[in-house]
Amino acid sequence: MNGIKPVEELELTDDFMFMAVMRNEEVCKELLERLLKIKIEKVEYPELQKEIRPYYESKGVRLDVYVKDSDHIYDIEIQTYHDKNLAKRTRVYQSMIDADNLMRGQDYLELKESFVIFITTFDPFGYEMPVYTFKNICKENTKITLQDETSKIFFNATAYKKESDIAIRQFMSYPLNKEPTDDFTRKLDRLVNTIKKNKQFRKGYDSMGAVWYMDAKREGRLEGILQKSIDAAKKLLSTGISKEQIASCLDLSIEKVEELSKEVKNS
């Protein structure tokens with residue numbers, strides 16, 4: 001399928017694989033406990049990839065991994081591309097989670113404490129910090145917090161060496177280096193390889209690939225895929241394959257292939 005990574009090449013950082021791994025309750029629970037330094041009795045899965053759309057006309061959100069325990073809600077996202085709107089995405093995610101969990105007539109006190117968690121393979125804010133935790137505080141006196149029980153936390157894998165907590169550091173190194181370094185990351189690695197061989201997962205990945213691709217295209221997440229297609233097209237242009245065939249195989253417009261052909265000739 002054009003633009004879709006073969007299932008054999010999937011890693012933890014790929015959306016489909018991350019969601020499949022997080023279906024394992026034990027692994028999901030252990031990851032949350034490790035990242036947030038808390039104990040969780042049990043996690044519930046209202047929906048693994050939850051879509052929230054309050055009104056037909058309004059913009060909805062699709063959350064990667066959405067889980068609960070008795071007092072908390074956790075949204076866990078894996079992010080491998082630098083989205084300039086990442087901060088505002090967390091704002092929308094938070095508001096959607098709250099709206100979805102407070103039924104009409106309920107008191108605001110019934111809102112659960114919530115965490116929007118992003119695991120990124122890039123530095124989202126450029127300060128080379130391993131973890132960025134955001135809570136609402138008073139500008140005039142930073143000792144005063146709003147106490148709305150919301151947290152937005154970004155785990156920056158590129159700075160894992162600076163993380164003082166060994167358990168968090170070992171997890172953060174895995175999506176970046178692809179090498180397990182402790183029992184938990186070895187468990188993740190085995191699970192990833194097991195899932196790749198699962199027939200049901202492979203079938204679901206094939207059928208959902210087109211949906212993911214269109215979502216990614218609409219949200220501007222195909223920079224890496226597009227660049228690979230461009231690089232491949234440049235190589236193919238010197239082999240005698242027609243421009244029409246190249247455009248079709250690599251999901252590029254014929255105009256783009258014509259443009260690349262001129263670049264290759266000029267170089």
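A residue counts as buried when its relative accessible area is under 20%, as exposed when that area is over 50%, and as partly exposed in between (1.4 Å probe, protein chains only). With that in hand, Glu33 at 14% relative accessibility is buried. The structure is a predicted model, in which local features need pLDDT of at least 70 and side-chain atom pairs count only at pLDDT 80 or more, while totals for chains, interfaces and linings use all residues. Residues are numbered from 1 along each chain as its sequence is written, and side-chain values use heavy atoms, with hydrogens and water left out.

## The whole chain

Let us start with the overall picture. The protein contains nine helices and eight strands; these are DSSP runs numbered from the N terminus, with helices being H or I over at least four residues and strands being E over at least two. Of its 267 residues, 42% are buried. The accessible surface comes to about 16000 Å², and carbon and sulfur atoms hold 51% of that surface. Areas of this kind come from the Shrake-Rupley method with a 1.4 Å probe, and for residues only the protein chains shown count as cover. Among contacts (heavy atoms within 4.5 Å) with a separation of 6 or more, 59% join residues 24 or more positions apart.

## Helices α2 and α5

Two packed helices are described by the angle between their axes and the distance between the axes. Here, helix α2 (residues 25-36) and helix α5 (residues 183-196) have axes that come within 11 Å and cross at roughly 145 degrees. For these values, axes are lines fitted to C-alpha atoms, for helices over the stretch in contact, and angles run from 0 to 180 degrees between N-to-C directions. The crossing of α2 and α5 is left-handed, a term for a near helix turned anticlockwise from the far one by less than a right angle.

Which residues in α2 meet α5? On the α2 side they are Glu26, Val27, Glu30, Leu31 and Arg34, and their counterparts in α5 are Phe184, Lys187, Leu188 and Leu191. By class, this contact has five nonpolar, no polar and four charged residues. In that scheme Ala, Val, Leu, Ile, Met, Phe, Trp, Tyr, Cys and Pro are nonpolar, Asp, Glu, Lys and Arg are charged, and the others, Gly among them, are polar.

## Salt bridges

Side chains of opposite charge can pair when their charged atoms come close. A salt bridge is a side-chain nitrogen of Lys or Arg within 4 Å of a carboxyl oxygen of Asp or Glu, and the whole structure has 13 of them.

| Salt bridge | N to O distance |
|---|---|
| Glu33 and Lys29 | 3.1 Å |
| Asp183 and Arg186 | 2.9 Å |
| Glu258 and Lys243 | 3.1 Å |

Glu258 is partly exposed at 33% relative accessible area, and Lys243 is partly exposed at 25%.

Glu33 and Lys29 are four residues apart in helix α2, so about one helical turn separates them. Glu33 is buried at 14%, whereas Lys29 is partly exposed at 21%. In helix α5, Asp183 and Arg186 are three residues apart, which again means a separation of about one helical turn. Asp183 is exposed at 58%, and Arg186 is partly exposed at 36%.

## Loop residues worth a look

Where does Glu128 lie? Its place is in the loop between β6 (113-120) and β7 (131-134). Glu128 has a positive phi of about 55 degrees although it is not a glycine, and with 52% relative accessibility it is exposed.

Glu149 is in the loop between β7 and β8 (150-156). This residue, also not a glycine, has a positive phi near 60 degrees, and at 43% it is partly exposed.

Glu149 leads on to Leu111, which touches Asp98, Leu102 and Glu149, leaving aside residues up to four places away in sequence. Leu111 belongs to the loop between α3 (86-101) and β6 and is partly exposed at 26%. Leu111 and Ile73 are 38 residues apart in sequence, with their C-alpha atoms 9.5 Å apart in space.
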